[in-house]
Amino acid sequence: MDITNQEYKKLYQKASPPSPLLKDASLAFVTGGTICTLAQAIRNFLLSQGLDEKTAGASLSIILVFLGVLLTDLAIYPKIAKFAGAGTIVPITGFANSIAAPALEYKTEGLVLGTCVKMFTIAGPVLACGLTASVIYGLLYYIFA
Amino acid sequence: MEYVRAFLTAGVICAISQVLIDRTKLTPGRILVTFVVLGVILTGIGLYEPVVKFGGAGATVPLLGFGYTMAEGVKEAIAQRGFLGAFTGGLTATAGGIAAAVVFSLIGALIFKSRDRS
């Protein structure tokens, strides 16, 4: 068959199923929204117990991380993530999941060289880049503000 | 109303991330890295503070908020300790979450059995 790239692209688009983009994005929207609404409820509870803003914020992070790790180890988090996509990746529970999942999975390769090394597969780059950004920002802020 | 705002803010952030994952070469790992760095930058130029004011936990719980916490920590540490704060602020502000993630994951790996990924 002798067709140009553009013709082929048209044929290809005709034959492909409709993009799941809208469905994916909606699921991510609802899941991420739900996780953070629950987080807001926990935060309000902590504030009602007399914690100040900063303590409540840090405590909330620790509670969410705990839940993220627990649900990962119970194999529940990956089941939600299967349909929720970014909705479970982007909240801090997803950060916890990115550490807990390889920590458990690579247990078979040893506690130190398996678990302790592999737990930073994703968290390592996040911390390296995040910290670098924060130090650069700090230097700029120190000089100019 | 506070809950609606948290839901909407987090929803929009997660939906945008999903579109990025579907439409670009950004893997979930890269999304996390991008969002933390972007959170620091947006906070630095003053664009994220209003989002936090509006969305509450909906803005601080997604990883953009992790970057926001780092940047705010840096500002505060510089106010207290001067130059040294540029280096200590980011990690100090996020220490609780990071330590919790590492320690709970390690304990979890000790307690739970490793599963097949099938």
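What pattern does chain B follow when read along the sequence? I opened the notebook with that one, and I kept in mind that this is a predicted model.

**Entry: the fold of chain B**
I read along the sequence and found that chain B follows α-α-α-α-α-α. I then looked up the secondary structure, and chain B has six helices and zero strands.

**Entry: extent and packing**
I looked up how far the C-alpha trace of chain B reaches along its principal axes, and the spans are about 50 × 35 × 35 Å. Chain B has 118 residues, and 45% of them count as buried. Next I turned to contacts in chain B with a separation of 6 or more: residues 24 or more positions apart account for 51% of these.

**Entry: surface and charge**
How much accessible surface does chain B have? I noted about 5,800 Å², with 68% of that belonging to carbon and sulfur atoms. For charges, I counted 10 positive and 6 negative in chain B, and their mean positions lie 8 Å apart.

**Entry: one residue in chain A**
I moved to chain A for a backbone detail. Where is Ala75(A) found? I located Ala75(A) in the loop between helix H3 (53–73) and helix H4 (77–84) of chain A. Its phi is positive, about 65°, although Ala75(A) is not a glycine. Is Ala75(A) buried or exposed? I put Ala75(A) down as buried, because its relative accessibility is 18% and the cut-off for buried is under 20%.

How values were computed:
Residues are numbered from 1 along each chain as its sequence is written. Chains are lettered from A and ligands numbered from 1 in the order in which they are written. This is a predicted model: local features need pLDDT of at least 70, side-chain atom pairs count only at pLDDT 80 or more; totals for chains, interfaces and linings use all residues. Side-chain values use heavy atoms; hydrogens and water are left out. Helices (H or I, at least four residues) and strands (E, at least two) are DSSP runs, numbered from the N terminus. Buried means under 20% relative accessible area, exposed over 50%, partly exposed in between (1.4 Å probe, protein chains only). Contact means heavy atoms within 4.5 Å. Accessible areas come from the Shrake-Rupley method with a 1.4 Å probe; for residues, only the protein chains shown count as cover. Lys and Arg count as positive and Asp and Glu as negative; His and the chain ends are not counted. The place of a charge is taken as NZ of Lys, CZ of Arg, CG of Asp or CD of Glu.
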